[in-house]
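User: I have a structure to study and would like to learn how to read it. Could you take me through its features one at a time?

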Amino acid sequence: MSQAERLFEEVERSLGEALEAARKASSLEELEALAQLHLGRKSLLAKAFKSLGSLPEEERKRAGLRLNALREELRSELEGRRALLEAEAEARRITRERADLTLPGRWPKVGRAHPIGAVLEEITEFFLGLGFRVAEGPEVELDWYNFEALNMPPEHPARSLWDTFYLEIDPPGSLLMRTHTSPVQIRVMESGRPPVRVIAPGRTYRHDTPDASHSPVFHQVEGLVVDRSVSFADLKGTVEEFVRAFFGKGARARFRASYFPFTEPSAEVDVSCVACRGEGCRTCGQKGWLEIMGAGMVHPAVFEAVGYDPSEVSGFAFGMGVERIAMLKYGVDDIRAFYEGDVEFLERLRLPAP
Amino acid sequence: MRIPWDWLVEHVRVSAPLARVAEALTSAGLEVERVEYPGSSLSRVVVARVAEVERHPRAENLFVCRVDWGEGEGKVVVGAPVRPGQLSALALPGGATALGPVEAKEVRGVLSQGMLLAPDELGIGDDHSYIPELPGDLPLGADVREVAGVGVPVLEVDVTPNRPDCLSIRGVAREVAVLLDGELLPLSLEVPEGEAEAEKAAALEVLDSEGCPQYVARVVEGVGVGQAPWHTARRLYLVGMRPVNNVVDATNYVLAELGHPLHPFDLDRVAGRRVIVRRARAGETLLCLDGVERRLHPDDLVIADEERPIALAGVMGGEETGVGVWTRRVLLESAWFDPRTIGRTARRHSLRTEASLRFERGADPEVLEAAAARASSFILAWAGGKVARGLLRAGQPPARRRVQVDLGRISRLLGEEVDPDWAAGRLGKLGFGVQRRDSGLDVEVPPYRPDVSLEADIVEEIARVVGYDRLPSRIPPACQAGALDERGLLRRRLRRAALASGLDETFTSSFTSAVWLEQLGLEASSAVRLANPLSEEESVLRPSVLVTLLLAASRNMERRRERVALFELGRAFRRADGGVQEEEELAAVFSGGEEELHWDPGREEWHLSSRPLDLYDAAGAFRTLMAGLGVEFRWAGPAGGVFHPGRARAVVVAGEEAGQVGELHPRLVKQLGLSPGASALRLRLDPLLKAATQVQYTPAPRFPPVRFDLSFLLPEAVEWDQLSRELAGAVQGYEVRLHAWDLYRGPPVPEGEKSITLTVEAWSRERTLTSEEEASIRSTMIEAAARLGGRLRA
């Protein structure tokens, strides 16, 4: 047996053993060591490849093929074994890994809506759907818009219904903080011709000592519809639809006669109590109804004040307190909480994002 | 107006129960706010006779009475004088008064076997001064609630200012009659007259017929002033008044019943027995019945005698001519005063009385004689005497108003056909005189309805009695599309962007104080003051929303809230050209800490830590807002005002300063208790509205960008905004985007310089950039930085 033949024999044997070892290997390190030992540069196999050159042509070819086959056989065995071991290790790791998803994660901090903002947007949204536009006016108003054009000339007794803040600006009494959003009615009609269909949301002011149900600063939403033949039925239908949309399908609206200088007939609108659904409870003072807005048909004197002809057009108007209906809707029991700016107040409400 | 049920049903025959009456009134505009049952908490309170009265042996002001209640007798101690023989309400031990339970107990050594009750203990009024005498014919031992009218329910009706007629039992009774098909019962107006003639007993002179268009007076002679009978006192208590004496009570009784204010003068104290109606003269004063001496204004209408004013017309009588036990002759005034005059006087003297309220809202000009007659007959009945024949009168009632009503228009306004006969019938019952005309009604308005002068008023009357709830309803047909205008859209976008950027929505008062503005270092002189603030703290209109928002932030910190990131959209006010300029703003404040999560998946470690909110939160939120609006802005100089001089900047939109962003002034931060580095932003809406927000698409590049980093050493003064503009502007033919990601000062960076590191992204639209192109962009940028005094950091 030549030296080469012995070498080849030894390679055959050692790779046979390596295959056996690879099949039994239980760690990646073991596989790595086997690869180093049997396929590395200093391995018998490498030596055998180098010795091929000394073999005669015929034999060299045959031996070369044989060596390659041996090498591939071991390589694929090692590879297969590695994949197997890795998969096993991965499976072990995954079964061990844990995370507590009930802990807070990373999430973009989104601001919390305020009930006034939310209610204003909800009301606006509803009336946009009914074809209303949104009108505005200044919070610092002239007596004309706040009172006189609304059929309350100076010394009109009804002025006492609205306790008013006046500004320290000359002449005294000329400028005031609007006591309601109704002046916007006048501004809208002064600046255009019928048909008019607007709401006017905004901040309003009353000279009221603050308590659980009074705030000197609050918000209202006014509504005004003027056209050729607008009727009390239109007012009722609009308000009833709003009440259902805002307070829920089961909510009912009730219209009572009332008095406002700028509407005739005038109505007070009640909604069936949100807490007891009309049975009578603490929220509604056993009445089963909650007052939510004032409304009525636009008074002819108001039309005259803005140059509309009351024999040609008719209209209705309504006004509601935003805080009041927010309090009813969300069960807030103290109006002052709206104006403290306490983030914890918002946290307790958790209103849905707009 | 408080309406005792027994009094009401004396005026109207109605079969409906009280609850139904209350409901009908509420629906028709006379809201019954509640129904009270004054005597409901009484128990074991019976009619008793005071048999004997003697002084308490050991107490000066107490009396010991032997009382007899039919079924038994006992001794009670009482603190007010009582008359032997009088009947009174006795609460027996084990029972209860309106103020609490009653037990037999020893009072200064004498066992009191019960209590004689004062009005407050009976639950009818807040008077504790005496023990009322019950009518002599009541059965002893009977429950006072049943026999003495103490248990009568009282309707509390909220009367709107347009309905002065319903500030009376009679007015409400009339409504009940119409609404519930009842019958208004006739009123007895008979007065037995004596021999003496009123015209001889007194004289009347009205000098101001504008202030007093009508004045009627009656004279009653030989009265004996004393206590009014029990049922009079009881009813006065129940409507919220206090009995005074039988003469004054007669006028108050008529006031409650008919709604017409009357005033009795002690005629013998009226100088010259002449009553003169005129305006007050400069310097005149009047001691009023409430004991207050008032300096009169020349606009005040007064009743005077030959020497001095003796009453503030329609508001309050004078002390010196008031009726008391000494009075023998009474002049009874029944007048009609100008509502505005009375309103002004009541406001001027801050003196609102039952009388001024009714005159100011408009009393019935035709009821004067009836009211005087009724009161005279009550005086006769309760105080005796004789009514002088005839009356003194000046002026006549005005003609009644007439209103023409077009039935077609009524139907159009109500949305439903109205049956003219039915309507005429109802109006008739309300006191309107109605005549049918071909297409409408000719309506005469009754004198007690000053609120009715137009067709619309008649429409309301009809709608009221139909019942609003029975009228039809429909949704008005469309006439236009509903849409927000530019400002509405802007406001909505801002609100949503602010919420999305993590800011909590806030609403704060529009009022603040001058002191607070000064503390903030803001000029208080341009702020607008209220003429009649509720308090000094809320006496000035906020010149910026930030002013009141900062206070809210401070309050949150006081309450140890963790993360205080607030915004408010609202209006700010400033003095301008003699008026007030109002402007909409968005303000935001950042204080406290923001929680950040660190999660190491390898070690399965989870850790939350808090970092302070700071100016980069403000800057970031600002960018989110502007991005949300699609508005271009430019940084400008220092912000000033409440901001840190070096760490806050003004921003410019559409060529105009649109707001400020940055850290708050450290002095302020400390003063407000905000967290160090607390920051804020303020944004005016007007410039944002002017800014064009056109959306213009440029196609997204299809080729990947090259990315490389540059690190520059720059003079301290060069800011990122300037650097990035310079670098981006220098590159031609490629699109570039720059991200700063590191700012560093300190060794080895020389003093007065800083290092900024950024990543450059560059694209071409045609191809992937070659390394030569990348190198060229790079060197262009290095040259650009050099123009700002920068150099590449080694």
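**Strands, contacts and chains**

Analyst: Start with one pair of residues: B:Val302 stands opposite B:Leu312 in S22(B). This is a predicted model, in which local features need pLDDT of at least 70, side-chain atom pairs count only at pLDDT 80 or more, and totals for chains, interfaces and linings use all residues. Residues are numbered from 1 along each chain as its sequence is written, while chains are lettered from A and ligands numbered from 1 in the order in which they are written.

User: How many bridges pair strand S21 and strand S22 of chain B?

Analyst: First, the terms. Strands (E, at least two residues) and helices (H or I, at least four) are DSSP runs, numbered from the N terminus. Two strands pair if DSSP finds at least two bridges between them. Here, S21 (residues 301–304) and S22 (residues 309–312) of chain B pair over three bridges, in the antiparallel sense.

User: Which sheet of chain B has mixed pairing, and what is its strand order?

Analyst: It is an open sheet of five strands, in the order S15-S18-S21-S22-S23 of chain B. Its edge strands, S15 (203–206) and S23 (316–317) of chain B, each pair on one side only.

User: Where do side chains point in a strand?

Analyst: In a regular strand they alternate between the two faces of the sheet.

User: Why is strand S16 of chain B described as largely enclosed?

Analyst: Count neighbours. A residue is buried if 20 or more other C-beta atoms lie within 10 Å of its own, exposed if 12 or fewer, and partly exposed in between; C-beta atoms are placed from the backbone. In S16(B) (residues 214–221), seven of the eight residues are buried, so the rest of the structure largely encloses this strand.

User: Which strands are joined to S16(B) by bridges?

Analyst: S24(B) (residues 329–336) is joined to S16(B) by eight bridges, running antiparallel. There, B:Ala217 stands opposite B:Glu333. S26(B) (residues 392–394) pairs with S16(B) over three bridges, also antiparallel. B:Val216 has B:Arg393 as its bridge partner in S26(B). S25(B) (residues 386–389) has two antiparallel bridges to S16(B), and B:Glu221 stands opposite B:Lys386.

User: Is B:Phe622 buried or exposed?

Analyst: B:Phe622 counts as buried, because it has 23 C-beta neighbours inside 10 Å. It is found in helix H18 (residues 615–629) of chain B.

User: What does B:Phe622 touch?

Analyst: Two residues are in contact if their C-beta atoms, placed from the backbone, lie within 7 Å. Not counting residues up to four places away in sequence, B:Phe622 touches B:Val661 and B:Leu681.

User: How many residues of chain A are in contact with chain B?

Analyst: 80 residues of chain A are in contact with 78 residues of chain B. H8(A) gives the most to chain A's side, with eight residues. That side divides into 42 nonpolar, 16 polar and 22 charged residues. Ala, Val, Leu, Ile, Met, Phe, Trp, Tyr, Cys and Pro count as nonpolar, Asp, Glu, Lys and Arg as charged, and the others, Gly among them, as polar.

User: Why is chain A called more spread out than a compact globule?

Analyst: Compare two values. The radius of gyration is taken over C-alpha atoms, and the globule rule is 2.2 Å times the number of residues to the power 0.38. Chain A has 11 helices and nine strands. Its radius of gyration is 43 Å, well over the 20 Å that the rule gives for 354 residues, so chain A is more spread out than a compact globule. Along its principal axes, its C-alpha trace spans about 135 × 45 × 45 Å.
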